[in-house]
Structure formats: structure tokens, C-alpha cells
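Here is a friendly note to read alongside the model. It goes through the packing, the ring pairs and the charged pairs in turn.

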Amino acid sequence: MTKKINEDYTKHLNSHAKLLFDEYNIAFKNKMWATAIILSLTIIDNILSDTDTLDHIDGLDINYFKGSKDFHWLRIRRNNILHFEKPLEGFFGNKDSKKILELDAIRADTTLKKFFYTVFRKP
């Protein structure tokens, strides 16, 4: 059976996640790439730790997403931003730091959308 996405997935978010999602959208729109990356995983983690929300989500869908390479990449990238340990020229050793962050933020946005699609689609 095909599942269709619930376009209004924000109605499933708790008040904390909704506020974070609003902040995320502002950050992404204003090219605050590192902030968007950090908030994208924060939103996902918030949803995954909210037992009320989890009552409406299929555990198989959660496990599928948690096992995805995109989810693991996002966690590693977010942790690298927050827990940077050594000085390098440019961001993560890249000369064009803003472009790298922008590309990473776009990938984080795609990952967040995949998460919403995976867990909040209609049966």
C-alpha cells in the first residue's frame, strides 16, 4: 500500500519542536548555515525523544530513518560544528567555508524533510 505524505506535518510537532522549526526556517532563509545544521538535528532529536509524538509514529519508520546514512552524517556534522577540537584553515579545512556550510545546510534540510516524510506520512 502506498503512503501519502501528510503535508501539514507541523501539526504533529510539540510546542518546543514548532518553535525550533520556526527558528530553523528563519536561519535557513537568512543563510545562517551552521545554525540550520544544528537546529535540523535538534528538531529530529526532539521529536524522537517526545513520547507523546512517538505514540503516533510507526517504530519501523523510526528505525529505518535512524539507520540511514543521512541521519548519521547529520549527527557527525552537527557534532563537528559544536565540538570542534583543533584549528584548521577555513571551516573543516576548506578554503571556501561558506560554500561548504551552504552545501551541508542543504543536505541537512533534505535530511530533515526525509525525516518528516518518513515519520509523518499518512497510511
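**Notes on the packing and pairing**

1. Let's start with Ile47. Leaving aside residues up to four places away in sequence, Ile47 touches Leu13, Ala17, Thr53, Leu54, Ile57, Phe115, Phe116 and Phe120, where contact means heavy atoms within 4.5 Å. Please keep in mind that this is a predicted model, with local features needing pLDDT of at least 70 and side-chain atom pairs counting only at pLDDT 80 or more, while totals for chains, interfaces and linings use all residues. Residues are numbered from 1 along each chain as its sequence is written, and side-chain values use heavy atoms, with hydrogens and water left out.

2. Buried stands for under 20% relative accessible area, exposed for over 50%, and partly exposed for values in between (1.4 Å probe, protein chains only).

3. Now the rings. Rings of Phe, Tyr and Trp (its six-membered ring) pair if their centres lie within 6.5 Å, and planes under 30 degrees apart count as stacked, over 60 as edge-to-face and the rest as tilted. The count by this rule is eight aromatic pairs. Phe21 and Phe116 make an edge-to-face pair, because their ring centres are 5.5 Å apart and their planes stand at 85 degrees. This pair links distant parts of the chain, with Phe21 in helix α1 (residues 15–29) and Phe116 in helix α6 (residues 97–120), 95 residues apart. Both Phe21 and Phe116 are buried.

4. Phe116 has another ring partner worth a look. With Phe115 it forms a tilted pair, at 6.1 Å centre to centre and 50 degrees between the planes, and Phe115 is buried. Ring pairs join Phe21, Tyr24, Phe28, Trp33, Phe65, Phe71, Phe115, Phe116 and Phe120 into a cluster.

5. On to the charged pairs. The whole structure holds six salt bridges, each a side-chain nitrogen of Lys or Arg within 4 Å of a carboxyl oxygen of Asp or Glu. In one of them, Asp70 pairs with Arg107, with the closest N and O atoms 3.3 Å apart. Asp70 lies in helix α5 (residues 69–82) and Arg107 in helix α6, so this bridge ties together parts that are 37 residues apart in sequence. Asp70 is buried at 12% relative accessible area, whereas Arg107 is partly exposed at 32%.

6. Asp70 also meets Lys114 in a salt bridge (2.6 Å, N to O). Here Lys114 in helix α6 and Asp70 in helix α5 are 44 residues apart. Lys114 is partly exposed, at 40% relative accessible area.

7. Finally, take a look at Asp104 and Arg77, whose salt bridge has its closest N and O atoms 2.8 Å apart. Asp104 sits in helix α6 and Arg77 in helix α5, 27 residues apart. Asp104 is buried, with a relative accessible area of 10%, and Arg77 is buried too, at 16%.

Definitions and conventions: Helix = DSSP H or I, 4+ residues; strand = E, 2+ residues; numbered from the N terminus.
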